[in-house]
Amino acid sequence: MTWSIPLVTHGDERRLLENMLDRNRAELVNTLRGLSEEDARRRLVASVTTPIGLVKHAATAQRIWFQQVLAGLPASECDGGTTPGDASFAVGPDETVADVIAEFERGSARSRAIAADYDLDETRTHPRLGEVTLRFIYLFLIEDFARHSGHADILREQIEHPR
């Protein structure tokens, strides 16, 4: 388990939000880098959570929040799956660690590009939560990716240092 120091510690609210989200994106991906294909798919907990599944899930979350909710794109125009829940953790047998990392990084780039066109107070309607702002989307994903990075850290520790 590693802990990184934030590179951006001052600036306006948007700069801080964007950089903290990017930091959490990097932390999540870094927990997957270097794992074998077998280890990346190891189920060490009762749920469907695996190291590779966490990154796949995060890619789905970005598509839902930035492509569907913020940009208003239908699922057919999103660049991958948009089904939430356990289905978002599913990784196909033909998908590699490199494939899932690349999918996540493409989604991150597209999310940044979409968000750049909106103010933090831009309001959209989420189908279950109701009215949300871009600020909320940033905060929600910062929390979500930080939590999943913690999960991934623990899984990686179990893989690298089994008892």
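The axes of H3 and H5 come within 9 Å of each other and cross at roughly 175°, where axes are lines fitted to C-alpha atoms, for helices over the stretch in contact, and angles run from 0 to 180 degrees between N-to-C directions. That makes H3 roughly antiparallel to H5, on a scale that calls angles under 35 degrees roughly parallel, over 145 roughly antiparallel, 65 to 115 roughly perpendicular and the rest oblique. The residues in the contact of H3 with H5 divide into 18 nonpolar, four polar and one charged (Ala, Val, Leu, Ile, Met, Phe, Trp, Tyr, Cys and Pro count as nonpolar, Asp, Glu, Lys and Arg as charged, and the others, Gly among them, as polar). Helices (H or I, at least four residues) are DSSP runs, numbered from the N terminus.

The model is predicted, and local features need pLDDT of at least 70, side-chain atom pairs count only at pLDDT 80 or more, while totals for chains, interfaces and linings use all residues. Residues are numbered from 1 along each chain as its sequence is written, and side-chain values use heavy atoms, with hydrogens and water left out.

Helix H1 (residues 13-32) also packs against H3, their axes coming within 8 Å and crossing at roughly 150°, and H1 and H3 are therefore roughly antiparallel to each other. Their crossing is left-handed, a term for a near helix turned anticlockwise from the far one by less than a right angle, clockwise being right-handed. On the H1 side the contact (heavy atoms within 4.5 Å) is made by Leu21, Arg25, Leu28 and Leu32, and the H3 residues include Pro51, Ile52 and Phe66.

With helix H4 (residues 97-115), helix H3 (residues 51-70) has axes that come within 9 Å and cross at roughly 25°, and H3 and H4 are therefore roughly parallel to each other. By class, this contact of H3 with H4 has eleven nonpolar, five polar and four charged residues.

Of the 17 residues lining the largest pocket, the closest to its centre are Ile64, Trp65, Pro84, His126 and Arg128. H3 gives the most to this lining, with seven residues.

Key:
Helix = DSSP H or I, 4+ residues; strand = E, 2+ residues; numbered from the N terminus. 1 Å grid on protein atoms, 1.4 Å probe; cavity = no way out; pocket = protein on both sides within 12 Å on 5 of 7 lines; lining within 4 Å.
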